[in-house]
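I opened my notebook to look up a few spots in this structure. Here is what I wrote down.

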Amino acid sequence: MAGRKRTASRNHATNATNATNATNATNATNATASGPSRSTRSSARRADVPDVYREMLVEAVSQPSTNLPERPLKKRRPGQRSEQAAKKPDPPEVTPKSENPAEDEDDVQFEDVPLPAATLETIYRDSDEEEEDDEIQFEDIDFSFPPPNEESSEDGNKDLELDFSAQTTASAQKTVDRRKPINKAEKNRRIEIHKTHLLCLLAYVARRNRWCNDAAVQDALRPLLTKKMVKYLNPDSHLTQFGQAQSLKDGLQQLATMYKTKFRITERGIRRALWAENEEYLQNYQLPDDAESPMEKSDFREAAKSLRGSRDVGAQLYCALLRSAGVEARLVCSLQPLTFASGGPSLGRPPKPKAKLSIQEQYARITKYDSTFESPATPVVSPIHRRLGHPNATAFQVPTTSRASSSRNTPAVPKTLRESPYPVYWVEVLDEGHQKWQPADPLVTDSFWKPQKLEPPASDRENSMSYVIAFEADGSAKDVTRRYTKAYNAKTRKMRIESVESTGERWWQRALRTFSRGYVTDLDQIEDSELTAIQMREPMPRKVADFKDHPIYALERHLRRNEVLIPGASASGTVGAGSTGPLEKIYRRSDVRVARSREKWYRMGREVLSNEIPAKFVPKRAKPKTSSFDDGGGEDDPDETVGTPIYTMDQTVEFRHPPVVKGRIPKNRFGNLDIYVPSMVPEGGAYVADELAVRAAFVLGIDYAPALTGFQFHGRQGTAVLYGAVVAAEHEEAVRAVIDGLHDQAAEFEKERRRREVLKAWRLFLMSLRVRQRLWADVDSEEEAAADPEAGGLDAAEEVADEHDEQDMEDADAAQQSDDSDNSDEAGGFMIDDDYAGGFMVE
């Protein structure tokens, strides 16, 4: 009954609509036919009607109503069908279509259809131009083109088969693009780069901190302060602690409100340093156009006058402004060094250069942006023409009027800077009432006394908080990272140098020692106690991954090969990997012990007690194959099939060699003595650490033993390192005296060798000068200078050579006179000729 009522109401509405249309068409026909019989007043009214509407009415009357094309729909429903829809082959149910398309459109009903069991589904579409539901777009339709032929649309009906299982398979086979882990050599390289980058950033921030103390910068910023602000920023000492803190807050709030309105951020500040996945990405790398330009001290002074720059410069100028008002302020920076881990975001591929546009793209761009361009094939139709309601209305050309250009210049739109919503620089102000340093960030987060708002999340690509350093006005620096991080032990510490090297903490303290004050104040002790309390109050992690390398807690799954729990260790809690994972016990890191094998303990100067049960058996690593024919099926030692036994330090004692008796040194089967640590020196003996100790003991003729201090490994093979000797304690002084004499003797030999080398070089030089003098003997000095331009620099050398020649001639004359007095015509068995001296012609 309800269905028949709805059908009858639809038929009644359809008949009413047809009647209304027929009435309107009749009225229009009568109005047109009775046009000539109208009066003059009606003719004047008809003349006011635009020609385009008159033509539309004529065409509407002349054409039959059945041939008027319908206005195309902008969006086609999935269940909607056109008038010329072809019949589907063997449908399960056929619904008779009405002859009226409007009735067919309103008669669409949706039914619950059960899903088929097969993964393949076949659907049909009415025409090739039908789009999928996911790609429906609303576009402007051009009515100037004629409607498509109905017969061609009927012939173009085809069946479309969609395989939904193909998409499911493709998504299942999609793999996650994971970054390859780095090897040990690459990690060591990244650690060294991380250290170097840290030192550079520390020096950079220290320089900016000194600029904040510049008198010219503070004089340029001091006019921004009012007397009221200065009074609030420097509260009286007679106020209570709460009153002093509240006065300082009010002053900072007023100053921040004024400073935000004055300072303009025009550049990007420092950002997180990232690694490039490939070195090729860095070949044509260029800094962004909005990056902060390098600044000198003069540029910093100009920024203080103009109050423009990056938000980092804004925080630095804010620190200088507070110091100019007499407030103790520290410049705080979150350093952004290159990480040493393989995870985290990467630099990514550089943007590809824009290729040259093709002819079609240039044509489309000209059509889109050039209003004077007219296409002969597809004329641009204004949306106003489409609203006229008739296809041929687009032929009317609306006259365009040019708008007068305004003489006023349009203000430039400020460029949006893409930066992290968390700051890199901010300021800490001393609350003298509570003797605490409180953060203040007026530009980025607009927060005061809220350190928890300054830590960026781990997903932030532009900012990462791992090292937070505060610089005071006197140049001293302090690490205040624990004040701003929520999970310092669980997350932040893993990004610092202390977590990757055993000596990392000592290296970091030595790096900060350069910026230390030299003495510890009461305020420093209060702050150290505060930071330690914050670290100890950190709650227990909730994720299993956060327990790895945690300094306080540990899970048994994260223990290394050489780490064991002490017997009877009690659990501090439990944690589960997910909601369905099994619960694991949480132990204290203080209950974890390091275990080593007997050989390693011996090299550390300790030996395992007898009858001790190993704390753990470490499985042996697979040995590499020595050749391609080795199948690894060799027999292993049956005693080591379960692994290498390791022991804790509680199971060992200090190792001692047999004592020295009557000057006799104990030796091993190789004739030396193992001295890995000082405690291994035998009682009654002395270790002389010098490379000449063995030679000195041999010269004295006393008993000694070369000291084996370690092994030098090349791959998996180690070579013993012998350095120094062990002698009796009563012979130590004599051995050291002989060593000093040997060093002095070696120094004399070295000095004599160098003297001979110098004399040899001078003799060669003088002989070369004599040969040159002989070659240029018959040539004038002017010709010689013209022929050899470099000869002018040898005048001094020639004078020295001449002096030596004169000395040689004098020596030769003296020898000749002595020979004549002895009435001897020979000297050394050779005849002496007066014309020659030393084998050269005497001039």
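Which residues of helix α16 (residues 504-513) are buried? I remind myself that this is a predicted model. I looked down the list and found G504, W507, W508, A511 and L512.

Next I viewed α16 along its axis. Its buried residues fall within an arc of 130 degrees, so they line one face of the helix. I noted the general rule: an α-helix has 3.6 residues a turn, so residues three or four places apart point the same way. Then I checked the other side of α16. There, E505, R506, R510 and R513 are exposed. I also looked up what the buried residues pack against. For α16, the partners are α7 (184-211), β9 and β10 (477-479).

I found E462 in the loop between β8 (447-448) and β9 (467-471). Is E462 buried or exposed? Buried means under 20% relative accessible area. E462 has 8%, so I put it down as buried. I then listed its contacts, leaving aside neighbours within four places in sequence. E462 touches R268, R271, R272, R418 and S420. I looked up side-chain polar contacts too. One of 3.2 Å joins E462 to R268, and one of 3.2 Å joins E462 to R271.

I found L287 in the loop between β3 (264-267) and α11 (297-306). Exposed means over 50% relative accessible area. L287 is at 62%, so it counts as exposed.

Terms used: Residues are numbered from 1 along each chain as its sequence is written. This is a predicted model: local features need pLDDT of at least 70, side-chain atom pairs count only at pLDDT 80 or more; totals for chains, interfaces and linings use all residues. Side-chain values use heavy atoms; hydrogens and water are left out. Helices (H or I, at least four residues) and strands (E, at least two) are DSSP runs, numbered from the N terminus. Buried means under 20% relative accessible area, exposed over 50%, partly exposed in between (1.4 Å probe, protein chains only). A polar contact is a pair of N or O atoms within 3.5 Å; within protein, one must be able to donate a hydrogen and the other to accept it, and residues adjacent in sequence count only if both atoms are side-chain atoms. Contact means heavy atoms within 4.5 Å. The arc is that of the directions from the helix axis to the C-beta atoms.
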